[in-house]
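Trainee: I've got a structure on screen and I'd like to learn how to read it. Could you walk me through it?

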Amino acid sequence: AEKKHLLEKQELKMQQNNAEKKHIQELKTQQNNAERKYSVEKQELKLQQNKAEKKHLLEKQELKMQQNNAEKKHIQELKTQQNNAERKYSVEKQELKLQQNKAEKKHLL
């Protein structure tokens, strides 16, 4: 009877140890799974952050290009206006010179 009792006690102890080992293994597996999931989420967020930063840089570059183009266009328009004004002035100056010459000729005659 004592041997049987000891055997039962040992059997229960083994079962308890096995249950503890299984429980510890399950906890380790859960922890590993949680860490993998966290690592994947962290990588995903990093990728999204990188994409957002690249998009922001591209938008910034695009706006800079648009600003430069607008400035170039504005400068070109000002140059064109200045050239037109100078041509108009030159034509008016020639016409006045012609009128002055005519007046002088008429006066001499």
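Predicted model: local features only at pLDDT ≥ 70, side-chain atom pairs only at ≥ 80, totals over all residues.

Trainee: How many helices and strands does the protein chain have?

Mentor: The count is one helix and zero strands. The radius of gyration is 47 Å, while the globule rule gives 13 Å for 109 residues, so the chain is more spread out than a compact globule.

Trainee: What does the C-alpha trace span along its principal axes?

Mentor: About 160 × 5 × 5 Å for the protein chain.

Trainee: Is Ala34 buried or exposed, or something in between?

Mentor: Buried means under 20% relative accessible area and exposed means over 50%. Ala34 comes out at 47%, so it counts as partly exposed. Across the 109 residues of the protein chain, buried ones make up 0%.

Trainee: And what about the accessible surface of the protein chain? How much belongs to carbon and sulfur atoms?

Mentor: The surface comes to about 11400 Å², and carbon and sulfur atoms hold 56% of that.

Trainee: Last one: how many positive and negative side chains are there?

Mentor: There are 26 positive and 17 negative side chains, and the centres of those two sets lie 6 Å apart.

Methods: Residues numbered from 1 in each chain as written. Heavy atoms only, no water. Helix = DSSP H or I, 4+ residues; strand = E, 2+ residues; numbered from the N terminus. Rg over C-alpha atoms; globule rule 2.2 N^0.38 Å. Buried < 20%, exposed > 50% of the residue type's maximum accessible area, 1.4 Å probe, protein only. Areas by Shrake-Rupley, 256 points an atom, 1.4 Å probe, with all protein chains shown as cover. Lys, Arg positive; Asp, Glu negative; His and termini not counted. Charge placed at Lys NZ, Arg CZ, Asp CG, Glu CD.
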